[in-house]
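Me: I would like to go through the charged side chains here. Could you take my questions as they come?

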Amino acid sequence: EAALARWRTLASDPGARYDRELHIDAGAVRPSVTWGTHPGTAIALDAAVPAPRDALDQRALDYMQARAGQPLRGSKVDVVFVGSCTNGRLSDLREVAGLLRGRHIAHGVRMLVVPGSESVRRAAEAEGLDRVFTAAGAQWRLPGCSMCIAMNGDMAAPGELVVTTSNRNFEGRQGQGVRSVLASPATAAASALAGAIADPRDWLAASTEQAA
Ligand code: SF4
């Protein structure tokens, strides 16, 4: 509360003018994934991968085995990684559990769920989220970097495609030759269930129908 009170003193002056203003309709933002090898290559998962603008883009396309003009939605997924220091909050884990509850991840998909801290781990286990993950076929891990940086053997095999909620998708970040696709926890969970990059809104809609 003390920090919040101080931040509120940093408001812009009344009538302040800006070089540039951006207005974003958050309701129109579609679930997004990365097609390339840095976080700036995000596109809506049902949008076409853009044509390469330069040699670096072409290298990224080649590394990711992505095709310009085709969406990533539907691409086969080998591994799904949720959590670490990024997107490993309790709210993220609840979101993932909400999608996995009563379901099982696709055959052949390996899924790791890593809480963002020890306190998150304890809180998640107190709610039974760990049991939701393991019942769905995912691994419930201790807090740590894990597959965010291919730590302690948590890595994928060359050529495998990892949908990851961590924050970097550089070449080799999750293992030599591994293709990392950054995504939200909900998109990661939906992709684990589908065995391919999937739109979480489809699975959320199915969950709502089940509940009704
Ligand atoms: S390696 Fe990944 S999980 Fe570990 S501190 Fe860096 S960004 Fe966070």
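Me: Is R141 buried, partly exposed or exposed?
Reply: This is a predicted model. In it, R141 is partly exposed, with a relative accessible area of 25%.

Me: Which residue does the side chain of R141 meet in a salt bridge?
Reply: That residue is D154, and the N to O distance is 2.8 Å. The two residues are 13 apart, each in the loop between β5 and β6, and the pair links distant parts of the chain.

Me: And D154, buried or exposed?
Reply: D154 is buried, because its relative accessible area of 10% is under the 20% cut-off.

Me: How many salt bridges does the structure hold?
Reply: There are 13 salt bridges in the structure. R73, D199, R201 and D202 are joined in a network of them.

Me: What does the side chain of E171 pair with?
Reply: E171 forms a salt bridge with R59, at 2.7 Å from N to O. E171 sits in the loop between β6 (161–164) and β7 (179–182), while R59 belongs to helix α2 (residues 55–64), so the bridge ties together parts 112 residues apart in sequence. E171 counts as partly exposed, at 35% relative accessibility.

Me: Changing topic to helix α4: where do R121 and E118 lie in relation to each other?
Reply: Both are in helix α4 (residues 118–126), 3 residues apart, which is about one turn of the helix.

Me: What are the relative accessible areas of R121 and E118?
Reply: R121 is buried at 17%, whereas E118 is partly exposed at 32%.

Technical notes. Residues numbered from 1 in each chain as written. Predicted model: local features only at pLDDT ≥ 70, side-chain atom pairs only at ≥ 80, totals over all residues. Heavy atoms only, no water. Salt bridge = Lys/Arg side-chain N within 4 Å of Asp/Glu carboxyl O. Helix = DSSP H or I, 4+ residues; strand = E, 2+ residues; numbered from the N terminus. Buried < 20%, exposed > 50% of the residue type's maximum accessible area, 1.4 Å probe, protein only.
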